[in-house]
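User: I have not worked with this structure before. Could we go through it together, one topic at a time?

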Amino acid sequence: MRRLLIGLHALVLVLMARPASAQLQVVTSTTDLYDIATAVGGPLIRAVHISEGYQDPHFVEAKPSFILRLRDADVFAFVGLDLEIGWMPLLLQGARNRKLQPGQPGYLDVSSVVQVLDAARGPVDRSQGDVHPMGNPHYWLNPENGRRIARLFAGTFGALDPQHAAAYQDGAARFQARLAEQERSWTPLLAAIRGQPVVAWHTSWRYLADYTGLDIVGFLEPKPGVPPSPAHLAGLIATMKRTGAKLIIMEPFYDRKTADFVATRTGATVLVLPPSVGGIKAATDYFQLLRYNLEQLAAALR
Amino acid sequence: MRVLAVAGILCGWALGAAAQQPVPRTAADSSRARQIADSLAIVRELEAATAAQPAGGTAQRLLPDLSAVGDLLADLSPDRSTQEDGDRLLVREVELGLQAAVDPYFRGVVYLGFSDSEGAAIEQAFLTTTSLPWSLQLRLGRYLLPFGKQNATHRHDLHTFEYPYALQRFLGEEGLKGTGIEASRIAAPFGFFQELIVTVVNQLGEPGPDLVTSAPASDRLGGLGYAARLRNYWDLDAATNIELSVSAGTGKLAVRLDRSVGGLNATNARRSLAGMDLTLRWRPLQQGLYRSFLLQAEVLRVLNERRLDLPADLADAQSELPQRDYTGAYLFARWQLTRRGFLGGRVDWLQDPELLAPAGSVGTLRAGSLYYEFFPSEFSKLVAGFERRVPDGGTAVNRVLAQVTFALGPHRPHPF
């Protein structure tokens, strides 16, 4: 009996053991937030992300291994606007981490500081597809929102780790300075893109279009999250012919057969663009993601 | 005094003027100024957004998430309906759900079930703690017991029409529920995810509606239901993962006797459960919208108390069903064919307590089924399926079923 009690005691101690760490533990829902967080926090934080850049961030599986990541986190930064609604509640509930409960500083809804497009102004229901009533969640593709995210991270990390608050502010300033420098170099690319008509698969590119002046004349999805029907495609083909749209842009995680079909009927080109960091190998960080997308668009539209 | 006042005004003006003097601006100053300007812009936007909230917005935000799930079934079996009440077309259940944070310490969930055959019932109603230390969590109320893999899944969320036969016979047609308290803790002492769940409930299972015993099974603490489950989870790679878990439970439950005296027709007997389940999932990250595979297997064993504790008046009575142990298992696989279409199949085998064989032995039940699931969206599901059920020594039954489920309300998390 005594051995049993000693064994049980040892088991409890092993189960309760948790390595201490001085770094701020940050978990982000996407690779984009991860990249900006690491740019701001540098070696002061230890960041991991849940979804990959080449994965549809809405359909991430709520794996228990993610629960372990969240259990030990000081901050969980997520895109919000219901992008992660399919898996985030299960993970947060499973993680039992008080720091990540709504209202706590570690529960970081990044959408709270960005300029949101497509927020519903009237009644919303599911007949409109898988709509996001609070707005389009793909906002990181506008660099202005990238800046705001960096500043939000600097403020949050600094509040949780006041000793290094100045370093986080410096990290955010460096990020913004580099972004401004990048933007200056994009001027010829933006000139080639502005006003050009294109078709997109999903509403992911609304923010990039807003930034570049790209004219999205139609979507392959008739409604968000709803696969295209033949009737919708026929209408879309007519729209493309009428507007002269010769480019279809889509994410790497959609099946391109439908896009290829429309392209053959309209003489258009299909361009697969990464919506997030890591979506393709060239999109190694936030700056490369934006640059790659702009270069590809400009090359296709010239 | 007047001199002092004039001097003060002059000093103030001078300081103010000095503050307004143009000074050389560095890049850092510009950056800081821009940050401040942007921060102010954000504040203004947030203020505007707050001001734009309609009257009563705060009260609306405090309302719980309200959802409803409809589960419609058509039994098109060739010989006759295989439903309990013989219906061909039925609303099997409508489940109304309410969920919200109760306060900073608890989250509350209530599921009310409505069906033609059973009327209204509290399916589940529980509080879950949100603020306990050491990765602990408590659940209090009525809930699906964490015993085995599929039992914790709502019936309408299953990939099949019904629970596997082993679960139906050993745990209950609508799953094993209990009212009590559950404690769980997650840990990774060996480098992989583990969760230990222990629960105490009023009773481990539902006794028959017309069974009368001399005292409730939970009259003594030893008669309560106790269950535990240990989950073990591994990521094999980014696309593939495996879960191997074990469950056990024990408690007392009323057993029907072969005779009745003074209105008593049952006695409480100990029933213990043991189970093991394995789930393999494959979903490639990039093609995950179109391709996935799920393989699931469970083995359950029920151990029944042999010697019944009988009242004096019923000293020579016996259990109506043989007090023996039973084993059952199933294997389920599901392959994603298209973005919205899935093909699944299940094989069941069990020693069926409902199949009495000669000499008090028990017959086995074998069943095989195929399903095609189609999801028009994340909020509706159409299923068509065929099942062939072969009881030992009995006539094979062919079943043809179709099901429609739909969900109203907020987007729910995808089951994992």
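User: What classes of residue make up the lining of the largest cavity?

Analyst: This is a predicted model. In it, the lining of the largest cavity has six charged, three nonpolar and two polar residues.

User: Which residues are they?

Analyst: The largest cavity is lined by Glu93(B), Glu95(B), Tyr111(B), Glu123(B), Gln124(B), Leu144(B), His154(B), Arg155(B), Tyr163(B), Glu174(B) and Lys177(B). Strand S2 (89-101) and strand S4 (119-129) of chain B each supply at least two residues of this lining.

User: How much space lies in the largest cavity, and how many cavities does the search find?

Analyst: The largest cavity holds about 110 Å³ of space. Over the whole structure, the search finds five cavities of 30 Å³ or more.

User: What is the volume of the second largest cavity, and which residues line it?

Analyst: Its volume is about 60 Å³. The lining of the second largest cavity includes Gln55(A), Asp56(A), Phe59(A) and Phe253(A) from chain A, and Arg283(B), Leu285(B), Gln286(B), Gly288(B) and Leu289(B) from chain B. By class, this lining divides into four nonpolar, three polar and two charged residues.

User: Turning to salt bridges, what is the count over all chains?

Analyst: The count comes to 36 salt bridges over all chains. One of them joins Arg178(A) to Asp285(A), with the closest N and O atoms 4.0 Å apart. The pair links distant parts of the chain, 107 residues apart: Arg178(A) is in helix H6 of chain A, and Asp285(A) is in the loop between strand S8 (269-272) and helix H11 (286-301) of chain A.

User: Are those two residues buried or exposed?

Analyst: Arg178(A) counts as partly exposed, because its relative accessibility is 37%. Asp285(A) counts as buried, because its relative accessibility is 15%.

User: Which residue forms a salt bridge with Arg229(B)?

Analyst: Arg229(B) pairs with Asp277(B), and their closest N and O atoms are 2.7 Å apart. The two are 48 residues apart, with Arg229(B) in strand S8 (residues 225-235) and Asp277(B) in strand S10 (residues 264-282) of chain B. Both Arg229(B) and Asp277(B) are buried.

User: Which residues are linked with them in a network of salt bridges?

Analyst: The network of salt bridges links Arg229(B) and Asp277(B) with Arg96(A), Lys149(B), Glu195(B), Arg231(B), Glu243(B) and Arg281(B).

User: And what about Arg259(B): which residue does it form a salt bridge with?

Analyst: Arg259(B) forms a salt bridge with Asp316(B), the closest N and O atoms being 3.1 Å apart. Arg259(B) lies in strand S9 (residues 240-261) of chain B and Asp316(B) in the loop between strand S11 (293-304) and strand S12 (326-336), so the pair ties together parts that are 57 residues apart in sequence. Arg259(B) is partly exposed at 35% relative accessibility, whereas Asp316(B) is exposed, with a relative accessible area of 54%.

User: Back to helix H6 of chain A. How far apart are its end C-alpha atoms?

Analyst: They are 31 Å apart. At 1.5 Å a residue, the 21 residues of helix H6 (residues 165-185) should span 30 Å, so the two values agree.

User: Which residues of H6(A) are buried?

Analyst: The buried residues of H6(A) are Tyr168(A), Gly171(A), Ala172(A), Phe175(A), Gln176(A), Leu179(A), Ala180(A), Gln182(A) and Glu183(A). In an α-helix there are 3.6 residues a turn, so residues three or four places apart point the same way.

User: Finally, how many helices and strands does chain A have?

Analyst: Chain A has eleven helices and eight strands. Of its 302 residues, 55% count as buried.

Note on methods:
Residues numbered from 1 in each chain as written. Chains lettered and ligands numbered in written order. Predicted model: local features only at pLDDT ≥ 70, side-chain atom pairs only at ≥ 80, totals over all residues. Heavy atoms only, no water. Helix = DSSP H or I, 4+ residues; strand = E, 2+ residues; numbered from the N terminus. Expected span 1.5 Å × (residues − 1). Buried < 20%, exposed > 50% of the residue type's maximum accessible area, 1.4 Å probe, protein only. Salt bridge = Lys/Arg side-chain N within 4 Å of Asp/Glu carboxyl O. 1 Å grid on protein atoms, 1.4 Å probe; cavity = no way out; pocket = protein on both sides within 12 Å on 5 of 7 lines; lining within 4 Å. Points joined across faces, edges and corners; volume = space filled by probe spheres on them. Nonpolar A, V, L, I, M, F, W, Y, C, P; charged D, E, K, R; others polar.
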